Structure formats: C-alpha cells, structure tokens
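Subject: A structure for you to explore

Hi there,

Here is the structure I promised to pass on to you. Have a look around first, and then read my notes below.

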Amino acid sequence: MQQRDWTDAHVERWKPVLPELDPDVEGAVTRMKKLSVHLRRVREQSLVDRDLDRQEFDTLHKLAGRGGKAAPSELAADLDLAPASVTGRLDALERRGFVRRTPSTSDRRRVDVELTDEGRATWTGAMEFLGHEEERLLGVLDKGERVLLNDMLRRIMVVAEHKGGADWD
C-alpha cells in the first residue's frame, strides 16, 4: 500500500462536502500547489542563507541567463521593469561586488553589466541549494517516470498557457 500524505486526508475531508469532487484532480492540483509552496520556501531560505533579497536574486538570475553580461535595457526588459528601477538594483548589486558596469565594446554610448566572480558564486550557490532539493524530491522517481511526469505537466501547461494568457516567467 502507498504511503499517505496530507493531501489524502484533505481529499477525504472534502469528498462528503463536494460529492462531485474528482479525487484525482483535487489530489493532483493540491499536491502541485503544496510542492510549489515547498520549493518557494526552499528558494527563499537559500536567499536568506546568502543574504540576498528576491530582487537581487532575480536580477542576478536574469544576468546569468544572458551569459553573465547584458545591457541594463536588456535586463529591464527581462525583468519587466522600468529602466530606473533596474538602475537602482544594479547600484545595490555593484556596491555588494556582485556586478560591475563596463563600457560596451560594441557601442561606446552603452554600458554593459557583468557578473563578477562573487556574483556568479552567490547566484550559483542559491541555484545549487534549490537544485539539490529538486533532485531529492524527484529522486523518488526513476528516469522513465521523470520523463513521463515532465511530459504530462507539459501537456497541462500547454492548455494553461493558451487559455489564461498569463505571464509564466
């Protein structure tokens, strides 16, 4: 028999109240929500451990995603922020030694922002902490099960993305 979790009791509690409730749908959705909350808490703890706030991490993350170098305007677009807001974030990150601004090699009117070694190490440390937890959780599945889970979630997300038009980044 499979081990029971919190959601099993949740579904049992609601089934008499809502007889039409599909226990598989309710169970899956509730587990996805709880898993999302758990991973968010782990991520937040990794930021606390590195003395980073969410905005700092997001900015480092977007910069790392561009290979560690970007124009402030590119970061503003990636973060969906006004350029002035990005300037304030970059000022704080530069004071902490996580980024540096350098004249652009392609356009002398432009400044590029680069991750420093310390900034990259801080971002990588936060990512590794979360990655270890993701591996721990999904480690209960074999490779084929992880592929299947990923494929099933993709099918669900395709429907969600086409119906809701929400911003998923």
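Two residues are in contact here when they have heavy atoms within 4.5 Å. Helices are DSSP runs (H or I, at least four residues), numbered from the N terminus. This is a predicted model, in which local features need pLDDT of at least 70 and side-chain atom pairs count only at pLDDT 80 or more, while totals for chains, interfaces and linings use all residues. Residues are numbered from 1 along each chain as its sequence is written, and side-chain values use heavy atoms, with hydrogens and water left out.

**Helix 2 and helix 6**

Start with helix 2 (residues 23-49) and helix 6 (residues 117-138), whose axes lie 8 Å apart at an angle of about 150°. Axes are lines fitted to C-alpha atoms, for helices over the stretch in contact, and angles run from 0 to 180 degrees between N-to-C directions. Helix 2 and helix 6 are therefore roughly antiparallel (the word for angles over 145 degrees). On the helix 2 side, the contact includes Leu35, His38, Leu39 and Val42; on the helix 6 side, Ala126, Phe129 and Leu130 are among the residues they meet. The residues of this contact divide into eight nonpolar, three polar and five charged. Nonpolar covers Ala, Val, Leu, Ile, Met, Phe, Trp, Tyr, Cys and Pro; charged covers Asp, Glu, Lys and Arg; the others, Gly among them, are polar.

Helix 3 (54-65) packs against helix 6 at about 105°, with the axes 10 Å apart. That makes helix 3 roughly perpendicular to helix 6 (65 to 115 degrees). Phe57, Leu60, His61 and Ala64 of helix 3 make this contact with Gly119, Trp123, Ala126 and Met127 of helix 6.

Helix 4 (72-79) and helix 5 (residues 83-95) have axes that come within 9 Å and cross at roughly 110°, which makes helix 4 roughly perpendicular to helix 5 as well. Here Pro72, Leu75, Ala76 and Leu79 in helix 4 meet Pro83, Val86, Arg89 and Leu90 in helix 5. Of these residues, seven are nonpolar, none polar and one charged.

**A question to finish**

Which helix supplies the largest share of the lining of the largest pocket? Helix 2 does, with twelve residues. By class, the lining has 22 nonpolar, seven polar and 19 charged residues.

Happy exploring!

Notes. Helix = DSSP H or I, 4+ residues; strand = E, 2+ residues; numbered from the N terminus. Parallel < 35°, antiparallel > 145°, perpendicular 65-115°, else oblique.
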